[in-house]
Amino acid sequence: CAEMNMEVCVPTTAAQVFHMLRRQAVRMQRKPLIVMSPKSLLRHKDATSPIEDLANGEFQRVIGEIDKIDAKKVTRVVLCSGKVYYDLLSARREKKINNIAIVRLEQLYPFPKDALHAELSKYPKATEIVWCQEEPRNQGAWYWIASRHHLDSEIGAKQKLLLVSRPASSSPAVGYLAKHNEQQKALVESALGKIEY
């Protein structure tokens with residue numbers, strides 16, 4: 001990605017997929033659209049959308065917190081993309097955590113700086129901004145987002161930018177379901193609990 005030559009999106013709902021494809025079809029200037037989304041989201045019960053979102057919505061580059069939590073009590077904002085969002089949301093609801101907001105980046109490039117800034121500004125007492133990704137530490141969006149200073153420029157003087165991910169790996173998957181599930185559980189628990197700096 002460079003010079004606005006393509007768009008990279010990670011849609012997490014049916015409405016997002018619809019509006020992303022519609023936007024691609026009706027725009028005057030055509031550019032490649034790269035979509036990263038697992039098949040499992042096609043059947044995920046929480047990835048459905050009401051008809052109103054399809055009829056009246058639009059593609060959202062950033063989707064903010066969907067649960068009713070008091071923004072003044074939020075001390076941590078977890079940023080993520082893709083299906084890890086549903087694991088985080090489910091665990092947060094199960095544990096009844098009300099001081100952590102979860103924000104989805106649905107478009108990685110061009111980076112939605114203004115939309116993300118507007119979302120983060122809703123949480124003035126958040127001291128930790130966490131990027132959570134399922135991919136290993138040396139893969140995924142982290143290095144691109146952090147190394148290009150996209151997130152660094154959004155962090156206030158009293159905030160820390162932290163990463164929660166799988167350990168660095170030479171392969172994209174561990175190749176063993178039990179190990180995968182163990183790492184996924186640890187990832188979610190770390191994003192919503194204690195993070196080793």
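This is a predicted model: local features need pLDDT of at least 70, side-chain atom pairs count only at pLDDT 80 or more; totals for chains, interfaces and linings use all residues.
The model contains an open sheet of 5 strands, arranged in the order β3-β5-β4-β7-β8 and with mixed pairing. The edges of this sheet are formed by β3 (62-63) and β8 (160-166); each has a single partner strand, so one side of each is left without a neighbour in the sheet. Strands of a sheet pair through backbone hydrogen bonds, either parallel or antiparallel. The parallel sense applies to β4 (residues 76-80) and β7 (residues 128-136), which are joined over 5 bridges. Within this pairing, L79 has W131 of β7 as its bridge partner, and C80 has C132 of β7. On β8, strand β7 finds another parallel partner, with 6 bridges between the two. W131 takes part here as well, its bridge partner in β8 being L163. Of the 9 residues of β7, 8 are buried, so this strand is largely enclosed by the rest of the structure.

Helix α4 (residues 84-95) lies across β4, β5 (100-105) and β7, and its direction makes an angle of about 165 degrees with that of β5. The helix comprises 12 residues and spans 17 Å from its first C-alpha to its last, close to the 16 Å expected at 1.5 Å a residue. Its buried residues are V84, Y85, Y86, L88, L89, A91 and R92. These buried positions pack against the strands β4, β5 and β7, and also against the helices α2 (40-43) and α7 (177-192). After α4 comes K96, which has a positive phi, near 55 degrees.

Further backbone features occur elsewhere in the chain. The peptide bond that leads from Y109 to P110 is cis, its omega being near -10 degrees. P110 belongs to the loop that connects β6 (107-109) with α5 (113-120). With a relative accessible area of 78%, E3 is exposed. M4, likewise a residue other than glycine, also has a positive phi, near 55 degrees. M4 is placed in the segment before β1, and its relative accessible area of 47% makes it partly exposed.

A search of the whole structure identifies 11 salt bridges. One of them brings together the side chains of R27 and E7, with an N to O distance of 3.0 Å. The two residues come from distant parts of the chain, 20 residues apart: R27 is in the loop between α1 (14-26) and β2 (33-35), whereas E7 is in strand β1. E7 is buried, at a relative accessible area of 5%.

A salt bridge also connects the side chains of R93 and D67, at 2.6 Å from N to O. Because R93 lies in helix α4 and D67 in the loop between β3 and β4, this pair ties together parts that are 26 residues apart in sequence. Both partners are partly exposed, R93 with a relative accessible area of 42% and D67 with 21%.

The salt bridge between E189 and K185 has its closest N and O atoms 4.0 Å apart. These two residues are 4 residues apart in helix α7, and are therefore separated by about one helical turn. An α-helix has 3.6 residues a turn, so residues three or four places apart point the same way. E189 is partly exposed, with a relative accessible area of 38%, whereas K185 counts as exposed at 55%. Elsewhere, salt bridges that share partners join E65, D67, R92 and R93 into one network.

Key: Residues are numbered from 1 along each chain as its sequence is written. Side-chain values use heavy atoms; hydrogens and water are left out. Two strands pair if DSSP finds at least two bridges between them. Contact means heavy atoms within 4.5 Å. Axes are lines fitted to C-alpha atoms, for helices over the stretch in contact, and angles run from 0 to 180 degrees between N-to-C directions. The expected span of a helix is 1.5 Å times one less than its number of residues. Buried means under 20% relative accessible area, exposed over 50%, partly exposed in between (1.4 Å probe, protein chains only).
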